Structure formats: structure tokens, C-alpha cells
Amino acid sequence: MQKVVVGLSGGVDSSVAALILKKKGYEVIGLFMDNWEEEDSVFNKCTTWKEDRIDAMLVSQQLNIPFQVIEMKKEYKKYVINYMFNEYKSGKTPNPDILCNKEIKFNIFLKKAIDLGADFIATGHYVNKEKIIKNKKIIYRLLIGKDLNKDQSYFLCQLTQYQLKKSLFPLGLLTKNQVRKIAKINGLRNAHKKESQGLCFVGKIKLPRFLQKKIVPKKGEVVYINSNALVYQEKKFFSSKEEELFFSSRKKKYKKSDGKIIGYHQGAHYFTKGQRKGIAVGGYKEALFVLETDVKENIVYTGMGKKHPGLYRKSLFVQEENIHWIRQDLSLSEGEKMDVFCRIRYRQPLQKSKLYKIKKGMFIEFETMQCAITEGQFAAWYIGKELVGSGVIY
């Protein structure tokens, strides 16, 4: 009998994953990751981890499986919380869920499970895994989940072949409704529990309050940029495709003189590209959107309407050290290109695009203009239904 350690979060997805594996004949152990520090009172009203731990323990009793709580507070603070602070401080927008999967669930948690004698770990992610043989070598494919509304492959875009080898995803061929039905039929106490939202293991957080723990609020200017401003009139002729890609992938560098001051804010770090809420400036026909933030000068640049040219770019760049291939056998060499489908945020429909590999990294050129390409976020690329690689947007 093979042993599987299931990362029980207290939610219905991981609970049903444990139930399915037990019914399949695996020896199942439930582990709850205790990642959160009591002292972080900024989260006390919005975190659900205490009740989640109780739910995970009670579900384990219902399933008659061993249950353990493992403490990973230091690791979580190092790889997720500190990462978030550092990224926001430098004017980027991080994705903590992807880092949480990469460093916590499928790295440290996996190692602890192996130490307990596990053959595999399992989670409640809506993704599929497939094993193929290529050139006499076993390769693991990461495929999108059956429930397209719940597909979570994007969050696993930084996994390695070893991590995939050691992981099971029992919900990949199920829809959310089917999972809830299985939980209800089997009398699981959390069958109707609400979806967890916000930061992994923590829940919803108020970002400014979170960042104020390490980034002091500082009054700055909100600058409005007109959609027909000179900064958008720049015309270029290119001597090579690479030159064109460099131009189309670079973010606009605004100056205060490109627009006019229309208000004030408490810190450019608290804003992200494409943001609509929280600008707190009225009197415009359409909503204002954040076009860019300048954390050095503490300026937030805005524009009116979802169609504002400052929101759109045709391509992006990933630096060499930030390119990650799940399928190393498909990786590109300098000068090569590849047709793929790409997404730059969770739940974004897959976008037709092309990868161009150069010495310093890789360009992703989209067939259509993309809204709010954001530095620090992850671009993930797919061939058909398979996620083959990802990278941090530069």
C-alpha cells in the first residue's frame, strides 16, 4: 500500500482529495501546515486559519486517517511574506500563491512528507498530471483541469519534474460541483464551506495595512495622462525583429510633465498597474485606471477608461535567470521561437502568442494587445492543454 500525505487545508477540495485517495486504497495521512504568526495582528480579523485547522482535524476524524499539524512559520515568512514586501517595495506586483506552491507546498512540505515515509503528496488543485515516455525517459506533463472555471495550472507554473513525479491531483477530472456533491454524499462537515480567498494560508488581507508594517505611508501625487499625450505618439522604424520586440515590450517611462496633477495618495507602493479602485479622484466621465507607478518619485500615473493606450502592450520580456521550463526537453535555444498560448494572470483566457529566445532572456509577443502587463507577475505558456513553462515578467 502506497503512502500519501495530503495537505489538508480545512477546505472541501483537499478533504475530497483525501477521501478519493483513501477509497482508491492508498494509506492516507492528513497534514495541516501551520504557517501563520500570532503576533501579526493586522490579519486577525480576516484570517481563517484557526477554524481551518479545526475543520482539517475533524475531517481527518471523519475519514479515520492520521492527522498532524506541522509548523512552517519561519519558512512561510521567509519565502512568502518577505518576498511580498520586497517586491512591492521595488514597485513590482508579486504573486504569493505561485511562490507558496513553489517553495512551501511542493518543496518544504514535500520534503517533510518524504521524511514521514510518503511515496507521494496530494493537494486539492484542479489540474491533471500525465506520464509519457520520450527518448526512453519518463516525462511528467502538467495539464489543465477539467473544470475550466477552476483550472489552477497557472498557480503551479513553477513546478519541477521531480515535484510533479511526487504529486497526485485527485480532483483534476472533476468539476467543483461534483466535488461538493461527493463531500455531501459522504457527510463531510465542510461540504458547503465557502471558497477560501486572498493570500494562501492567510485569507483576505487589506494590502495597504499589510504593507504599512514595513513600508511607511508617504504623501505623493496622482498624475493624469491624456490618451492622446505625446508619450503615445512615438513612431519607430526597426532594423530587426529583436529591436521591435525590445521596443514593444518596454514599459512607458512617464514624467510629471507628460500630464497634470489631479490628486494625492499615501504611497505609490500601494498601487498596481490596471488598478481601478482606491485612486479616490472623481469628476471623470469614465473610471480612472493606474497606468504606472514610480516608487522612486512616489508618483501614481493614471488614465481614463479601460481603452486607454497606456494600459496596453503587445509583448513582454522575461530575463534569462527567471525562465522556468517544466518541460526541459522543449526549452528553446538562442535564436529559436515557438508558437504557444499564454496567460499573464489567473483565469485569463489563454492568449495566442509566440516565444522568441535571445541571449539575455525571452520575449513573449501576443497576437492581440494585452491589458496591464505587470512587472513581478508570472507569464505561463501552454502547448494545447499542457503548461510547459513560465517566467517572471520584467
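## Salt bridges, a charged patch and a parallel sheet

Lys 306 is placed in the loop between strand E11 (299–304) and strand E12 (312–319). The structure is a predicted model, in which local features need pLDDT of at least 70 and side-chain atom pairs count only at pLDDT 80 or more, while totals for chains, interfaces and linings use all residues. Residues are numbered from 1 along each chain as its sequence is written, and side-chain values use heavy atoms, with hydrogens and water left out. Helices (H or I, at least four residues) and strands (E, at least two) are DSSP runs, numbered from the N terminus.

With a relative accessible area of 47%, Lys 306 is partly exposed; buried means under 20%, exposed over 50%, and partly exposed in between (1.4 Å probe, protein chains only). Together with Arg 276, Lys 277 and Arg 345, Lys 306 forms a positive surface patch. Patches consist of residues with over 30% relative accessible area and no salt bridge, like charges being joined within 9 Å and nonpolar side chains (Val, Leu, Ile, Met, Phe, Trp, Tyr) within 5 Å.

An open sheet contains five parallel-paired strands in the order E3-E2-E1-E4-E7. Its edges are strand E3 (67–71) and strand E7 (167–168), each of which pairs on one side only. Strands count as paired if DSSP finds at least two bridges between them. Strand E4 (residues 120–122) runs parallel to E7 and is joined to E7 by two bridges; Ala 122 has Leu 168 in E7 as its bridge partner.

The whole structure holds 27 salt bridges, each defined as a side-chain nitrogen of Lys or Arg within 4 Å of a carboxyl oxygen of Asp or Glu. Three of these pairs are listed below.

| Salt bridge | Closest N and O atoms |
|---|---|
| Lys 176 and Asp 13 | 3.0 Å |
| Asp 55 and Lys 193 | 2.8 Å |

Lys 176 in helix H6 (residues 176–185) and Asp 13 in helix H1 (residues 12–23) are 163 residues apart, so the pair links distant parts of the chain. Both Lys 176 and Asp 13 are buried. Asp 55 lies in helix H2 (residues 49–63) and Lys 193 in the loop between H6 and helix H7 (207–211), so this pair ties together parts that are 138 residues apart in sequence. Asp 55 is buried, with a relative accessible area of 11%.Glu 195, in the loop between H6 and H7, is 19 residues from Lys 176. Lys 176 has a relative accessible area of 10%, whereas Glu 195 is partly exposed at 36%. Salt bridges with shared partners also join Glu 130, Lys 134, Arg 141, Arg 327, Asp 329 and Glu 386 into one network.

Note on methods
Areas by Shrake-Rupley, 256 points an atom, 1.4 Å probe, with all protein chains shown as cover. Lys, Arg positive; Asp, Glu negative; His and termini not counted. Charge placed at Lys NZ, Arg CZ, Asp CG, Glu CD.
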